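Please have the model open as we go.

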Amino acid sequence: MRTITHWIGGKPEPGTSSRTSPVWNPATGEQQAEVTLASVADVDAAVRSAAVAFETWSQSSLSTRTKVLFAFRELVNARTQELAEIISDEHGKVVSDARGEVQRGLEVVEFACGIPTLLKGDFSDQVSGGVDVFSFRQPLGVCVGITPFNFPAMVPMWMHPVAIACGNTFVLKPSERDPSASMLVAELWSEAGLPDGVFTVLHGDKEAVDGLLDHPDVAAVSFVGSTPIARYIHERGTANGKRVQALGGAKNHAVILPDAPLDYASDHLVAAAFGSAGERCMAISAAVAVGPAGDDLVAAVSDKARAVKVGPGRETDSEMGPVVTAAARDRIVGLIGSGAEQGATLAVDGRGLTVPGHEKGFFVGPTVIDNVTREMDVYREEIFGPVLSVVRADSVDEAIALINANPYGNGTAIFTSSGEAARRFQRGVNVGMVGINVPIPVPMAYYSFGGWKDSLFGDKHVHGPEGVSFYTRAKVVTARWPHVEAASGASYHFPTAN
Ligand code: NAD
């Protein structure tokens, strides 16, 4: 059995713990590797190595950092297919989708290549007689990223290129379910010329996470994952005096108004609900059909859901792969059953789907559940699988009220031909990322990504300008260079004149 180790001090490191976790191939249902789970001693070794590296990396010039970032960009670009295949084998998503994830991560690297411009400070000349004031931003120290299984390359890349460009060192604790992509990324950083210890990969579970949250040499924590863990990370990290941004789960609604082009809207709904088997934090999991559009919409979406080609991620004609683990599949299947029991209509039922030759794979077929109400479990729970619930509403205002009553606020979308309705929607929804005829409104790397309400704890979104702000702190200098002969002007009271 292949064992996936940590990456500490610029090389693979087995660590001290004998605890491991299985890594499955979701398409075959077989275990393909085991990953080492860090002990508290391993956490300490990783953070110490990063703290030592910070002493020199934080002093490196902007040109040095930029050169490494450009080299890293070239390497990730050249190795995209390899990374995508590693992701597909452990996560299950189709390779073309995994390539898309790497591409979105690469865009953050490209954003971080502009760090000399992003870190430019302010300067005010002559704020008082002979006095200038200027500000600049400095790195924090050892920054930690704790990331989910669903984007094993992209979500960490929301964090480490920006943190490292800002002069920090970075310890990544990736999901134990698909840990291998991070190891290739560590090799690529090393090949790009990043000094040892600046980028570390520490595998583990709660023990590793708690060790990182409690370690006195960790300055900041970026987390992406489910809401209960995000809340916990934020509470424990901030209680320990750390800067924390913790992105949580989601229940993303798409509102379809009667004036939306049906074919366009249903195509996009199906892709947004079933792409990556619904295991995207920005997946559409609730369609809100407004007015008479509902029946035609459910019919169109159901036809398209039945036509989705489900198969192993490595097969080029597969459009949707398996879900990540048997436990995830069983949970999703249970929730679909609860929908039927609680009175919803199973327009398309993906339970029991088998893929020939892959009978033990963790497959669930696309599922459409109609007549869902807000009390049902399928509506209240984040299913994180290929399940689209359809809720009916009478007006755009009722749809906005429904979305605003939901505890999550990650992403949302509206399909309409009316600019007036779209504008009312964009202004009225309490959600961080809004799409207008765009089902998955993931911001480009030079904007920041983040939700509202239970989808984000902390006040900074990731990457973009807010990422740079999160990974740095401001310093303001007030300077005077007096003539040596001039009167000092020192006084015991605050200045009262200019
Ligand atoms: P998860 O919360 O189970 O795990 C995320 C990370 O936390 C992993 O590294 C895991 O090892 C660690 N972890 C798990 N349990 C822990 C515990 N008890 N104590 C400390 N650490 C723990 O999430 P997941 O299942 O890997 O990913 C799916 C979730 O992530 C979904 O809820 C999805 O919406 C969310 N997500 C959100 C975003 C976003 O941008 N808001 C993006 C991607 C995924």
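Predicted model: local features only at pLDDT ≥ 70, side-chain atom pairs only at ≥ 80, totals over all residues.

Let me begin with the backbone of Thr147, of which an N or O atom lies 2.8 Å from an oxygen atom of the ligand, a polar contact being a pair of N or O atoms within 3.5 Å. From the side chains, a polar atom of Ser226 lies 2.6 Å from a ligand oxygen, and a polar atom of Glu382 lies 2.5 Å from a ligand oxygen. Taken alone the ligand exposes 840 Å², of which the protein buries 89%, with areas computed by the Shrake-Rupley method and a 1.4 Å probe.

Residues are numbered from 1 along each chain as its sequence is written, and side-chain values use heavy atoms, with hydrogens and water left out.

Around the ligand there are 27 residues, the closest being Lys173, Glu176, Ser226, Gly248 and Glu382, where a residue counts if one of its heavy atoms lies within 4 Å. Helix 8 and strand 11 (218-224) each supply at least two residues of that shell, helices being DSSP runs of H or I with at least four residues and strands runs of E with at least two, numbered from the N terminus.

Within helix 8, which spans residues 206-214, we find Asp210. Is Asp210 buried or exposed? Asp210 counts as buried because its relative accessibility is 13%, the cut-off for buried being under 20% and for exposed over 50%, with a 1.4 Å probe and protein chains only. Beyond its neighbours within four places in sequence, Asp210 is in contact with Tyr232 and Arg236, meaning heavy atoms within 4.5 Å.

Technical notes: Polar contact = N/O pair within 3.5 Å; in protein donor to acceptor, adjacent residues only side chain to side chain.
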